Amino acid sequence: MYTTVTYDGSFDGFLTCVFEIYERRLSNIIIKSKHLFESELFGTHEHIITDNNKSKRVFDGLKKHISAKGCRMLYYAFLSELNGIENTMLSVITYTFKSKKNIISDYSHQDVLQLSKVVKKVGREKHRMEAFVRFQQTKDNMYFANIEPDFNVLPLIKSHFTKRYADQKWIIYDLKRKYGLFYKLESTEIITIDFDLNHSKKDWFTDDEKNYETLWKDYFESTNIEERINTKLHIQHVPKRYWKYLSEKQP
Amino acid sequence: MSFDRIREKLNILADAAKYDVSCSSSGSNRKNTNKGLGNSTSMGICHTYTKDGRCVSLLKILLTNHCIFDCAYCVTRKSNDIKRAAFKVQEVVDLTINFYRRNYIEGLFLSSGIFKSADYTMERLVAVAKKLRLEENFNGYIHLKSIPGASDELMREAGLYADRLSVNIEIPTKEGLKKLAPDKKHDDFIKPMKKVKNEIIQYKSEKKIIKSTPKYAPAGQSTQMIIGASGETDMQIMYTSNYLYNKFDLKRVYYSGYIPVSYDKRLPMIGTEVPVLRENRLYQTDWLLRFYGFDVREILNPEHPDLDLDIDPKLSWALRNLHQFPVDVNKADKMMLARVPGLGMVSVHKILNARRFRNLNWEHLKTIGVKLNRAKYFITCNSRYFETRDYSASKLKDILVHNSTGKHKQAFTGQLALFT
Ligand code: SF4
């Protein structure tokens, strides 16, 4: 018989579940974000309230064994939002506390290996977003970009964009998860906007905007060396699902 | 400024610049100071890829394609009948800033044909970089081309604003240079390289004493050689390369397969295939020298003046040195593991890491993701089963070339397959 424990969807919430599982010696557990939980016919269900003190104790305990790098890997995996990732993480955490060693690179353990694969995917997505975000300048002098990443990478790209674009206001908005980052020259905050995407986007942007998009597209075209064309390699680097972001790829 | 005019200039001057294959934006570490614009990190970002799979991270353009020289291998040469254009300093600054703000690029790579004189040209390149840094508070990446023959004073100033400086050798041998670029002297390349190297050393040592000493070309210098334009051997290319790495502390040497741009009798004919595979083998060799601890003479020497095209240089070396194999993955040191065909540095690290936990057997190697189809002929591990048959070098080569279906056969994907 399984018990499903649910949490509020935050990383701290997840760690609080881990705390409770240890504290109360629960077994046969499935951890799930409450947003994804549908009450089950069999098994029992309990919702766990996020408690930052408890989550911190788990985090600090983990850090002692798998160092900051290992903790970062858990966070990356968490942001993948993959179905069942919480239980893979729980297994890695259990293995850590049992062996009391830094096992984060012991790839002969199946869940450690699985975790590292997910981390790699999330890391790749983070880099791709840092590369493929394309800002458009709005009439009120803001730089705006939409993304729809496979994983929830906004928290991971925040620091990169904040450091780089320190003298311009910008927004990066995740259309899939319906929230965004907004940098207003002092700090970067989380925002949600209700926009009407049917509303003609053209009205938002400056006239220059179109010109620069054209120049960039021209530039992209002229980097080609006809004699060397290799489409397979090109698509390997820029998978087609990312083309929608790239102004140089628009007709 | 009129948009159409800018557009036309960009088309001409980007097209003329694309033959320079270097597009790296890595190796610098400029922080964003005083809430300015941009930074550059040690890992560059590729913002898109060309249709032949090369990384696009910089706005790579010529300031002008007017040139007083007539180098046979170059589209910009004086005698070539093409459209010419020239950017104003401010136009380049505006393009760079506006591309950068939209997250199109990591920075600017500015080169130029030589108009009037070397110094006159270099002065303008420096002016662009200076404006970007001082007026626009721009901290993104700047790569300037050193114009052969430019004065020491200008080269010193260039390094204060640029992250990287490069002067392209283009032709690997002195004789080839004489034949194809009679206006240029070997010394004109060497002089700016020497100057920049010395300045880098001087600024670094001053920085140790006085913290506020400005950065000088923090991403170092690089150069490019054209491959297959002057009938040179791979040995000549790599020995030159090796000399440049050692003598001038170059960060990178780029190899660019010659793309026929002229009916000149001294050069391969128009329509000749670009030697992409050869180029790839040279990059692999370059990599072996810089990161795998190989000496250039182990790979290329008078008995083997050219690289094999059908197998990579590490495998080729291993087949000539079978007496050094097999190696035991549980005991061999890092540098020996790195010499095993089929094991890249990533795999080497995986092995080093995993063997701390247990004695590795074939299953372990597979689980941690080490590809064995090549390596298995060259290693042993904690298992009674291993390749016991004593293959001859030619037989082994046969097996390996035969085995490498699909992926490996088509793997000559330019420098990208390899780590740029
Ligand atoms: S000096 Fe440079 S731009 Fe001019 S022809 Fe020679 S290689 Fe081309």
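This is a predicted model: local features need pLDDT of at least 70, side-chain atom pairs count only at pLDDT 80 or more; totals for chains, interfaces and linings use all residues.
A residue is near a molecule or strand if one of its heavy atoms lies within 4 Å of it, and with that in mind we can look at the ligand, which is surrounded by Cys67(B), Phe69(B), Cys71(B), Cys74(B), Thr76(B), Arg77(B), Gly113(B), Ile114(B) and Lys184(B). Residues are numbered from 1 along each chain as its sequence is written, chains are lettered from A and ligands numbered from 1 in the order in which they are written, and side-chain values use heavy atoms, with hydrogens and water left out.

By class, the shell around the ligand has five nonpolar, two polar and two charged residues, where Ala, Val, Leu, Ile, Met, Phe, Trp, Tyr, Cys and Pro count as nonpolar, Asp, Glu, Lys and Arg as charged, and the others, Gly among them, as polar. Within that shell, Cys67(B) is buried at 18% relative accessible area; buried means under 20%, exposed over 50%, and partly exposed in between, with a 1.4 Å probe and protein chains only.

Let me turn to salt bridges. Side chains of opposite charge can pair when their charged atoms come close. Here a salt bridge is a side-chain nitrogen of Lys or Arg within 4 Å of a carboxyl oxygen of Asp or Glu, and a search of the whole structure finds 32 of them over all chains.

One of them joins Glu81(A) and Arg177(A), at 3.0 Å from N to O. Glu81(A) lies in the loop between α2 (52–79) and α3 (85–99) of chain A, and Arg177(A) in the loop between β6 (170–174) and β7 (179–183) of chain A, so the pair ties together parts that are 96 residues apart in sequence; helices (H or I, at least four residues) and strands (E, at least two) are DSSP runs, numbered from the N terminus.

Which chains does the salt bridge of Asp218(A) and Arg7(B) link? With closest N and O atoms 2.6 Å apart, this pair crosses from helix α6 (residues 207–222) of chain A to helix α1 (residues 3–15) of chain B. Asp218(A) is buried, at 13%, whereas Arg7(B), at 31%, counts as partly exposed.

Finally, the structure holds one disulfide over all chains, meaning a pair of cysteine sulfur atoms within 2.5 Å. Cys46(B) and Cys55(B) form this link, with sulfur atoms 2.1 Å apart.
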